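Here is a walk through one protein model.

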Amino acid sequence: MAKEKGLTPQSQDFSEWYLEVIQKAELADYGPVRGTIVVRPYGYALWENIQGVLDRMFKETGHQNAYFPLFIPMSFLKKEAEHVEGFSPELAVVTHAGGEELEEPLAVRPTSETVIGYMWSKWIKSYRDLPQLLNQWGNVVRWELRTRPFLRTSEFLWQEGHTAHATREEAEEEVRRMLSIYARLAREYGAIPVVEGMKTEKEKFAGAVYTTTIEALMRDGKALQSGTSHYLGENFARAFDIKFQDKDLQVKYVHTTSWGLSWRFIGAIIMTHGDDQGLILPPRLAPIQVVIVPIYREESREKVLEAAFDLKRRLLQAGLRVHLDDRDQHTPGYKFHEWELKGVPFRIELGPKDLEAGEAVLASRLGGKERLTLEALPTVLPKKLDAFHQALYQRALDFREAHTRKVDTYEEFKEAVQEGFALAFHCGDRACEKAIQEETTATTRCVPFEGEAEEGVCVHCGRKSAYGKRVFFAKAY
């Protein structure tokens, strides 16, 4: 149970800190069904900002939003053998509805490749119908045994993109384009440094030819897969008979992709940036970028509040997301603590003496205070928010670099994965990968696109490395 005051320090119990900060900062609470959460307005506002950025980037690259059914016939999932095998343990299945047993059980959507494949088989007949560039915002259900808010829940919100192309080259270009959008969201909006790379065969998406990923490092040294983009080849096209007549009059199967990012990205923000005082939110996604806390006694209340409302109006005109905390029932100290816990990047303190001087105190969530004129604040704050973003990103990058080690022996490997990324050679064998996971709980995170060409021997079994470069390993969520 969360303590009445303060948070469990990260160094004492990072997991407990994470659970406490989510509830105390009012991002989410536990739902009545095991593994479900209720996202509260502050948490949902953060998700809406993530959603808004992604939606704009998707539309800029020609994608359109659509919506497909929540219920999927079980026979659809069985058409792609690897896909159904990968998802079977997590499926929630409806067998009764309307007081009767259903003729065919229905899976509650774990992902939509199958139902979209079915519809495409009806819609796609010619090369003129391609490419299909679709995205769906919605929810999915995957019945997780071990749940954690935002990271693994039985139901979660996400977007899933699905595209169909005439050629492999076009489809593979799409896979990388969408992964780069996720990487841009992470770096330019979430202030999260990520590694882009390829999943190993063992870790790829069920039914994919290959999976690409962005991987981030949390402040407890564990990795978090934060977005994935998959090349599905002709696998689903053959399963659902999605064919088209090409320009050369030959009938061919389409090449498909899928890609997704969920509210797990909120978990990434919390665990990449938060500290013992609570959240630290990246300003480009924060629901509130600046909070104004007026400080007054009864005799100065009216004058200070009038100035605070005027400042709020001018900051809104400057395009900032600003909140004025004019609650009388709480002290300024209480409010300072609450907005620090909620991770608001900047706090403006405004009292009667500040007002006389035409100034206010600006406090940064990253530490430090300064006095600025009321006149200058609307002009200065946008630049300070950009600087805050850069400082937050650099702080996370410095942490990642300090917790990434090249290793050549298994002993070094076991030490490195206790505190971050281990960069090691691997033979590519699934059984070897599984053995490493069983012995250390660490998994391959990705074969990095940017990794330098290098040959060596597998850190575990000593066979020749399979990838021509080192692989990222870590313990992960």
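A residue is called buried when its relative accessible area is under 20%, exposed when over 50%, and partly exposed in between. The model is predicted.

Start with the aromatic rings. A pair of rings is described by the distance of the centres and the angle of the planes. This structure holds 15 aromatic pairs. One of them joins phenylalanine 76 and tyrosine 118. Their centres lie 4.9 Å apart, with 35 degrees between the planes, and the pair counts as tilted. The partners come from distant parts of the chain, 42 residues apart. Phenylalanine 76 belongs to helix α3, and tyrosine 118 belongs to helix α5.

Tyrosine 118 has 34%, so it counts as partly exposed.

Rings also gather in a group. Trp47, Phe58, Trp137 and Trp259 are linked by ring pairs into a cluster.

Next, look for charges over rings. The charged end of lysine 222 sits over the ring of tyrosine 477, 5.1 Å from the ring centre. Arginine 347 places its charged end over the ring of phenylalanine 336, at 4.0 Å from the centre.

Now turn to helix α12, residues 377-402.

Which residues of α12 are buried? Among them are Leu377, Leu381, Leu385, Phe388, Leu392 and Ala396. In an α-helix there are 3.6 residues a turn, so residues three or four places apart point the same way.

Methods: Residues numbered from 1 in each chain as written. Predicted model: local features only at pLDDT ≥ 70, side-chain atom pairs only at ≥ 80, totals over all residues. Heavy atoms only, no water. Phe/Tyr/Trp six-rings, centres within 6.5 Å; stacked < 30°, edge-to-face > 60°. Helix = DSSP H or I, 4+ residues; strand = E, 2+ residues; numbered from the N terminus. Buried < 20%, exposed > 50% of the residue type's maximum accessible area, 1.4 Å probe, protein only. Lys NZ or Arg CZ within 6 Å of the ring centre and 35° of its normal. Expected span 1.5 Å × (residues − 1).
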